[in-house]
Amino acid sequence: MATPDESPSAKRWLPLEANPDVMNQFLWGLGLPQDEAECFDVYGFDDELLEMVPKPVLAVLFLFPITPQSEEERIQQETNVKEPSSNVYFMKQTVGNACGTIALLHALGNIRSRISLTNGSYFDRFFKSTSNMDPLQRATFLENDRDMEVAHSVAATAGETEALENVETHFICFACVDGELYELDGRKSGPIVHGPSTPSQLLQDASKVIKGMIEKNPDCLNFNVIAISKKGGDA
């Protein structure tokens with residue numbers, strides 16, 4: 001999806017498919033050890049379906065269609081962006097269709113205290129390089145990062161559906177940082193706080209926000225929710 005900060009000459013990548021297998025290979029190939037975490041589909045919001053998701057859940061990814069309703073809400077939320085905790089990792093999106101990769105970077109950036117990235121790997125170098133940058137500097141760093149562009153391209157063409165350059169869907173990430181539920185969306189000017197949360201309640205709390213977003217777009221069907229879960233129990 002095009003972004004508000006995207007210039008006419010900006011890069012445009014092929015979009016990532018909302019497919020846990022594709023995302024797992026992408027994450028594992030760039031420095032998240034396979035025995036650390038894994039992506040899983042979330043099939044619904046009933047208690048029984050949420051219980052099927054392996055625990056603990058570290059982050060939640062949400063793919064939704066861009067509609068007049070979602071755009072109106074995005075604009076309204078811009079007036080409510082508050083200064084987040086200094087521990088929140090946030091970056092802007094300036095590359096078209098990069099939202100899937102940015103959602104994964106938002107996830108990893110905000111769970112680094114609970115996972116161990118492979119020393120010297122792409123992700124390890126990326127977060128060390130961008131840790132002291134502001135959100136737009138991080139976006140520029142990613143835009144100029146050829147290694148990530150190639151890795152994203154490989155992942156985008158690995159899915160089961162044909163990769164289209166022009167899509168009207170968008171990925172965001174939900175993470176719990178310092179006792180608050182944060183919505184991390186590179187199209188917005190900053191993180192959105194959705195109230196208190198805990199790591200053990202992240203999936204349930206994010207699900208409530210996601211359900212509200214879905215209910216505002218009753219005529220749309222193109223929604224996907226993916227959880228990134230820690231392997232081997234609580235961290």
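In this predicted model, D178 is exposed, because its relative accessible area is 52% and the cut-off for exposed is over 50%. D178 lies in the loop between β3 and β4. Its phi is near 50 degrees, a positive value in a residue other than glycine. The protein chain around this residue has 235 residues, of which 54% are buried.

- Most residues other than glycine have a negative phi, and most peptide bonds are trans.
- N97 is placed in the loop between α3 (68-77) and α4.
- Is N97 buried or exposed? N97 counts as buried, because its relative accessibility is 0%.
- The peptide bond that leads from K55 to P56 is cis, and its omega is near -5 degrees.
- P56 belongs to the loop between α2 and β2.

**Overall organisation**

- The secondary structure of the protein chain consists of eight helices and six strands.
- Along the sequence, these elements follow the pattern α-β-α-β-α-α-α-α-α-β-β-β-α-β.
- Among contacts between residues at least 6 apart in sequence, 76% join residues at least 24 apart.
- The chain exposes about 10900 Å², and carbon and sulfur atoms supply 49% of that area.

**The sheet**

- In what order do the six strands lie in the open sheet? The order is β1-β6-β2-β3-β4-β5, and the pairing is antiparallel.
- The edge strands are β1 (37-41) and β5, each of which pairs on one side only.
- On average, and with direction ignored, neighbouring strands of this sheet are turned by 20 degrees against each other.
- Strands of a sheet pair through backbone hydrogen bonds, either parallel or antiparallel.
- β1 and β6 run antiparallel and are joined by five bridges. Here A37 stands opposite K230 in β6, and C39 stands opposite I228 in β6.
- β2 and β6 run antiparallel and are joined by six bridges. A59 has I228 of β6 as its bridge partner, while F62 stands opposite V225 in β6.
- β2 and β3 also run antiparallel, with six bridges between them. The bridge partner of V60 in β3 is F174.
- Why is β2 described as largely enclosed by the rest of the structure? Nine of the nine residues of β2 are buried, so β2 is largely enclosed.
- Six of the seven residues of β6 are buried, so β6 is likewise largely enclosed by the rest of the structure.

**Helix α4**

- Helix α4 (residues 99-109) lies across β2, β3, β4 and β6, and runs at about 5 degrees to β3.
- In α4, 11 of the 11 residues are buried, so this helix is largely enclosed by the rest of the structure.
- The buried residues of α4 include C99, T101, L105, H106 and G109.

**Helix α8**

- Helix α8 (residues 202-215) has 14 residues and reaches 20 Å from its first C-alpha to its last, close to the 20 Å expected at 1.5 Å a residue.
- α8 lies across β2, β3, β4, β5 and β6, running at about 10 degrees to β2.
- The buried residues of α8 are L202, L203, D205, A206, S207, V209, I210 and M213.
- An α-helix has 3.6 residues a turn, so residues three or four places apart point the same way.
- Among the elements that cover the buried residues of α8 are α2 (47-51), β2 (57-65), β3 (169-177) and β6 (224-230).

**Nonpolar cores**

- In soluble globular proteins, nonpolar side chains tend to be buried together.
- The largest nonpolar core has 49 residues, and L61, F123, L142 and M148 have the most contacts inside it.
- α4 gives the most to this core, with seven residues.
- Apart from this core lies another, of 21 residues, among them V42, V53, L202 and M213.
- Which residues does M148 touch, not counting residues up to four places away in sequence? M148 touches W13, F26, L30, T101, L105, Y122, F123 and L142.

Technical notes: Residues are numbered from 1 along each chain as its sequence is written. This is a predicted model: local features need pLDDT of at least 70, side-chain atom pairs count only at pLDDT 80 or more; totals for chains, interfaces and linings use all residues. Side-chain values use heavy atoms; hydrogens and water are left out. Helices (H or I, at least four residues) and strands (E, at least two) are DSSP runs, numbered from the N terminus. The expected span of a helix is 1.5 Å times one less than its number of residues. Buried means under 20% relative accessible area, exposed over 50%, partly exposed in between (1.4 Å probe, protein chains only). Contact means heavy atoms within 4.5 Å. Accessible areas come from the Shrake-Rupley method with a 1.4 Å probe; for residues, only the protein chains shown count as cover. Two strands pair if DSSP finds at least two bridges between them. Axes are lines fitted to C-alpha atoms, for helices over the stretch in contact, and angles run from 0 to 180 degrees between N-to-C directions. A nonpolar core is a set of buried Ala, Val, Leu, Ile, Met, Phe, Trp, Tyr and Cys residues joined through side-chain atoms within 4.5 Å.
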